[in-house]
Amino acid sequence: MTALLNAPDDVAHRDRTLRFELLIVFGLSLGQSAVFSLVNIVGRLTASTPLSAQTSTLNPAASDRPYLDLTLQLLRILFALMPVVLALHLLARDRAATMGLDFRRPFFDLGSGALLAAGIGIPGLGLYLAARELGLNTTVVASALNDVWWTVPVLILAAAKNAILEEVLVVGYLMRRLEDLRWRVPTIILTSSVLRGSYHLYQGFGGFIGNIVMGIVFCLFHLRFKRVMPLIVAHTILDIVAFVGYALLAPHVSWL
């Protein structure tokens, strides 16, 4: 009888704990990025220079000294993944169900990831170019690293880092925790997708809208298959094409 009486208090305590946990995880990672992105876009919109004449640099050099730059780039990648380790630790501690972050289905993960990348990437490029022409987006400089031997490997690692960070936290972890808080599925999808769009808002409204659409597609995929690995594959492919493609083509292609 006592256990039954205390049950609502236990649920309320767990809900408060999960909300605080979400605040910590995202306050240390992509939620923090979303806040800075919002402030950034306000600054851009209130500047004297039109939004379309401004640039957003995704992979800047950290130093003019090549090996110091390499060290700093690798450290940035490493420490950016610490919130992922924290989220996985918290889920494992609660014995939460797997999010499909494993290598059990490599062919499915690679194949579906490649299809997702094609389905998102081609329309996404068109949306970016259209938004820029309409004055709704900045010009995105996907790489500003120095021209050294390690540029392409670091860009590939940066792409994988982005994919792991975003898909584990914004899809696998966040959707699981919102389910634990008994949120409705449409609200979960909308929350995850708007969060994804919000930390890309610094690029402009094309990046914001495009990433919301990407988020909806990825959330629906995860609901159907319960795996984040295809999402990581897709996101990695998209960013490798963007980062490495820009580094190789920008000096020769004017419309980038």
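Guide: A definition comes before the helix content: helices are DSSP runs of H or I with at least four residues, and strands are DSSP runs of E with at least two. The model is predicted.

Visitor: How much of residues 149-240 is helix, and how far apart are the end C-alpha atoms?

Guide: UniProt, in an unreviewed entry, lists residues 149-240 as "domain: CAAX prenyl protease 2/Lysostaphin resistance protein A-like". Such annotations may be inferred rather than shown by experiment. Over this span the chain is 84% helix and 0% strand, and the end C-alpha atoms are separated by 17 Å.

Visitor: How many helices and strands does the protein chain have, and in what order do the elements run?

Guide: The protein chain comes to nine helices and two strands. Read from the N terminus, the order is α-α-β-α-α-α-β-α-α-α-α.

Visitor: Which radius of gyration does the protein chain have, and what would a compact globule give?

Guide: The C-alpha atoms fill a box of roughly 75 × 40 × 35 Å along the principal axes. For 256 residues, the globule rule gives a radius of gyration near 18 Å.

Visitor: What share of the contacts joins residues at least 24 apart in sequence?

Guide: The count takes contacts between residues at least 6 apart in sequence. A contact here means heavy atoms within 4.5 Å. Of these contacts in the protein chain, the share joining residues at least 24 apart is 80%.

Visitor: How far apart do the centres of the positive and negative side chains lie?

Guide: There are 20 positive and 16 negative side chains in the protein chain. The distance between the centres of the two sets is 5 Å.

Visitor: Where does UniProt place the feature "transmembrane region", and what is the helix content of residues 22-42 and 230-249?

Guide: The unreviewed entry places the feature at residues 22-42, 74-92, 113-131, 205-223 and 230-249. In the model, residues 22-42 have their end C-alpha atoms 26 Å apart, with 90% helix and 0% strand. For residues 230-249 the end C-alpha atoms lie 27 Å apart, and the helix content is 100%.

Visitor: Is S29 buried or exposed, and which residues does it touch?

Guide: S29 sits in the loop between α1 (2-27) and α2 (30-45). Its relative accessibility is 7%, so S29 counts as buried. Leaving out residues up to four places away in sequence, S29 touches P83 and L169.

Visitor: Is I77 buried or exposed, and which residues is it in contact with?

Guide: I77 belongs to helix α3. Its relative accessible area is 12%, and therefore I77 is buried. I77 and A159 are 82 residues apart in sequence, with 9.6 Å between their C-alpha atoms. Beyond neighbours within four places in sequence, the contacts of I77 are V154, L157, A158 and K161.

Visitor: What is the phi of R182, and what is the phi of K226?

Guide: R182 lies in the loop between α6 (151-180) and α7 (185-198), and R182 is exposed at 52% relative accessible area. K226 is in the loop between α8 (205-225) and α9 (229-249), and K226 is partly exposed at 44%. Neither residue is a glycine, yet phi is positive in each: about 65° for R182 and about 55° for K226.

Visitor: How far apart in space are R65 and N146?

Guide: R65 is in the loop between β1 (55-57) and α3 (66-80). With a relative accessible area of 59%, R65 is exposed. R65 and N146 are 81 residues apart in sequence, and their C-alpha atoms are separated by 9.3 Å.

Visitor: How far apart in space are V185 and C219?

Guide: V185 lies in helix α7 and is partly exposed, with 43% relative accessible area. V185 and C219 are 34 residues apart in sequence, and from C-alpha to C-alpha the distance is 9.8 Å.

Key: Residues are numbered from 1 along each chain as its sequence is written. This is a predicted model: local features need pLDDT of at least 70, side-chain atom pairs count only at pLDDT 80 or more; totals for chains, interfaces and linings use all residues. Side-chain values use heavy atoms; hydrogens and water are left out. The radius of gyration is taken over C-alpha atoms; the globule rule is 2.2 Å times the number of residues to the power 0.38. Lys and Arg count as positive and Asp and Glu as negative; His and the chain ends are not counted. The place of a charge is taken as NZ of Lys, CZ of Arg, CG of Asp or CD of Glu. Buried means under 20% relative accessible area, exposed over 50%, partly exposed in between (1.4 Å probe, protein chains only).
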